[in-house]
2 protein chains.
Amino acid sequence: MAQEHFADRLMAEIQGKRSQVVVGLDPRPERLPPGLLDEARERSGAPPRAVAEAFFAFNRAVIDAVAEHVVALKPQVAFYERFGVEGMRAYARTIEYARRQGLIVIGDVKRNDIGSTAAAYAAAHLGGDCQDFVADAVTVNPYLGVDGVRPFVDVAAEQGKGVFALVRTSNPSSVDLQELDAGGEPLFRRVAALVSEWGEAHRGESGYSLLGAVVGAPFPEQLRAARALMPHAPLLVPGFGAQGGGVEDVLGAFDEQGGGAVVSSSRGVIFAWERAPYAGRYGQDRWREAVRAAASDMRAELWSATRPG
Amino acid sequence: MAQEHFADRLMAEIQGKRSQVVVGLDPRPERLPPGLLDEARERSGAPPRAVAEAFFAFNRAVIDAVAEHVVALKPQVAFYERFGVEGMRAYARTIEYARRQGLIVIGDVKRNDIGSTAAAYAAAHLGGDCQDFVADAVTVNPYLGVDGVRPFVDVAAEQGKGVFALVRTSNPSSVDLQELDAGGEPLFRRVAALVSEWGEAHRGESGYSLLGAVVGAPFPEQLRAARALMPHAPLLVPGFGAQGGGVEDVLGAFDEQGGGAVVSSSRGVIFAWERAPYAGRYGQDRWREAVRAAASDMRAELWSATRPG
């Protein structure tokens, strides 16, 4: 059976679910809902294993809560690596659980290396000898040039997977390199042009490529520029909510159908029960409902803003 | 007890061992010495576990063979991630074994992210809640600017660890971004200046900073430029041997004492028994001796070239 093209699948999900929401699964032991860590400790004992157990229990509950409202889940591998081998097991279990529900999983791994090493990362995260960490798409860092991106694109093309290259990140110091004047224009624009070029041969029926780009929400002007420079790249837009980007900031990412981009929120959804307005409405004991409400609200807010009328 | 400064430890090792050699531990199942994988299969059964077992057995033998000739070991995490949770266990065991022999371990992870995510990576790889993946130093990618590097530097400063930021990588397409004209000079020079600036406050008694840089061997001119722009950054020079860099190419990396830089080889040493001149001299059954000879030869060649007379 031919694999479905990643971008076609992503765009169909956006329209089918009327959602452009990606929820980041970035668990921290110090912010888990009350009781989860204690329960895991009783079952599993030692800290790294108990934390990993609690992470998976938390993620499973979050996935169940948000599934109908999101296009994809995006576990950030750093939070799992922090807890070693057991943490990585929780990462693997999380991916497996989400994919089993039919959800798209974007491994936020920002991997980068050259030649055969990049190929090893691509096998690890997009499909190879072992399925543990295999997601539907990954983020990659383009600083090493096309050698560092092509091995991911090759595996993605073969396996019906996707790749999102960092173009303009959502952090304040992204200006240090990404806004440097590179031959008369900011570096990120050069990177955007390269990403567009590298992905051109890999477009699906939707018109979008399997090679997308990461462009941060807090910089609406750069987002519009990136969209224009990469008309066929699906955009993954982080930095919404907790990092300061609002709905009006991300409008430039979408096409006329409200497609072409997905917006990611982590803390704003998965820890929604900690803060207003959800804290007052639900309380700690009803944290799953707070998480669901936050995802649902974000979905409605984005969809209505990008599909006016 | 006060932690020894990473750069001071590295420089003392160079002089103490009269070596500037780093051996990359980049195992691949298809290139392991005959018998290792079969033995592991008999002991451990299923593929990912057997491969991981074989990787650790191989690495342990390589570490034993090269220990007296090298300043550090550099496992490339991609090759372990490829085999999932079990692969990561082999990575953890490899680091633990090498450090137990008193050897410096540089985790070649090229991690990069922002703020609290970068802090989670730093905890994972330089010291935090769980020791599994904790090495003495790591490589990081600077595309996200100082936000993406500072969390690593902070943990390194606290824990006596080191960080090597990618400046000019050893691959052909490193030119795609790193040689772009950035305000009148190639981008990598701007990055080198930033790395120098970021590391300035973290110099040890040797004069070198805990923040070093990765600059590839195949580009001697860029290596000299990088050395001049980052006078206090320890340099990690990959791309020696298999990737085409020779002794004459790397001379510009060192200070007058032959210090300030280390040169890394992976395939050229760990698979030395496959190729001339070592294949003819040792044969498959004596692969450990071939590995030892390759490390010893590389050490002698570099040391005599950089410490003339």
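**Figure 1. B:Arg18 lies in the loop between helix H1 (6-17) and S1 of chain B.** Helices (H or I, at least four residues) and strands (E, at least two) are DSSP runs, numbered from the N terminus. This is a predicted model, in which local features need pLDDT of at least 70 and side-chain atom pairs count only at pLDDT 80 or more, while totals for chains, interfaces and linings use all residues. Residues are numbered from 1 along each chain as its sequence is written, chains are lettered from A and ligands are numbered from 1, both in the order in which they are written. Although B:Arg18 is not a glycine, its phi is positive, at about 50 degrees. With 15 C-beta neighbours inside 10 Å, B:Arg18 counts as partly exposed. A residue is buried if 20 or more other C-beta atoms lie within 10 Å of its own, exposed if 12 or fewer, and partly exposed in between, with C-beta atoms placed from the backbone.

**Figure 2. B:Lys110 is a residue of strand S3 of chain B.** Its phi, near 45 degrees, is a positive value in a residue other than glycine. B:Lys110 is buried, with 28 other C-beta atoms within 10 Å.

**Figure 3. Strand S10 (residues 261-265) of chain B is largely enclosed by the rest of the structure, because five of its five residues are buried.** B:Ala261, B:Val263 and B:Ser265 point one way from S10(B), whereas B:Val262 and B:Ser264 point the other way. S1(B) runs parallel to S10(B) and is joined to it by three bridges; two strands pair if DSSP finds at least two bridges between them. Opposite B:Val263 in S10(B) stands B:Val21. Strand S9 (residues 235-237) of chain B is also parallel to S10(B), again with three bridges. There, B:Leu236 has B:Val262 in S10(B) as its bridge partner.

**Figure 4. Helix H5 (residues 84-100) of chain B is largely enclosed by the rest of the structure, since 12 of its 17 residues are buried.** The buried residues include B:Gly84, B:Met88, B:Tyr91, B:Ile95 and B:Ala98. What covers the buried residues of H5(B) includes helix H5 (84-100) of chain A. Within chain B, the cover includes strand S1 (21-25), helix H3 (47-66), strand S2 (72-75), helix H4 (78-81) and strand S3 (104-111). At 1.5 Å a residue, H5(B) should span 24 Å, and its end C-alpha atoms are 24 Å apart, which agrees. The expected span of a helix is 1.5 Å times one less than its number of residues. Just after H5(B), B:Gly102 has a positive phi of about 80 degrees.

**Figure 5. Helix H3 (residues 47-66) of chain A has end C-alpha atoms 28 Å apart, which agrees with the 28 Å that its 20 residues should span at 1.5 Å a residue.** Of these 20 residues, 16 are buried, so H3(A) is largely enclosed by the rest of the structure.

**Figure 6. A:Arg189 is a residue of helix H9 of chain A.** A:Arg189 is buried, with 21 other C-beta atoms within 10 Å. Residues up to four places away in sequence aside, A:Arg189 touches A:Ala225 and A:Leu229; two residues are in contact if their C-beta atoms, placed from the backbone, lie within 7 Å. A:Arg189 and A:Ala226 are 37 residues apart along the chain, and their C-alpha atoms are separated by 6.9 Å.

**Figure 7. The interface brings 52 residues of chain A into contact with 53 residues of chain B.** Helix H4 (78-81), H5, helix H6 (115-126), helix H7 (146-159), helix H8 (175-178), strand S6 (181-182) and helix H9 (187-199) of chain A each supply at least two residues of the side that touches chain B. The residues on that side of chain A divide into 27 nonpolar, 14 polar and 11 charged. Here Ala, Val, Leu, Ile, Met, Phe, Trp, Tyr, Cys and Pro count as nonpolar, Asp, Glu, Lys and Arg as charged, and the others, Gly among them, as polar.

**Figure 8. A cis peptide bond joins A:Ala276 and A:Pro277, and another joins B:Ala276 and B:Pro277.** Omega is about -5 degrees in chain A and about 0 degrees in chain B. A:Pro277 lies in the loop between helix H12 (267-270) and helix H13 (278-282) of chain A. B:Pro277 is placed in the loop between helix H12 (267-270) and helix H13 (278-282) of chain B.
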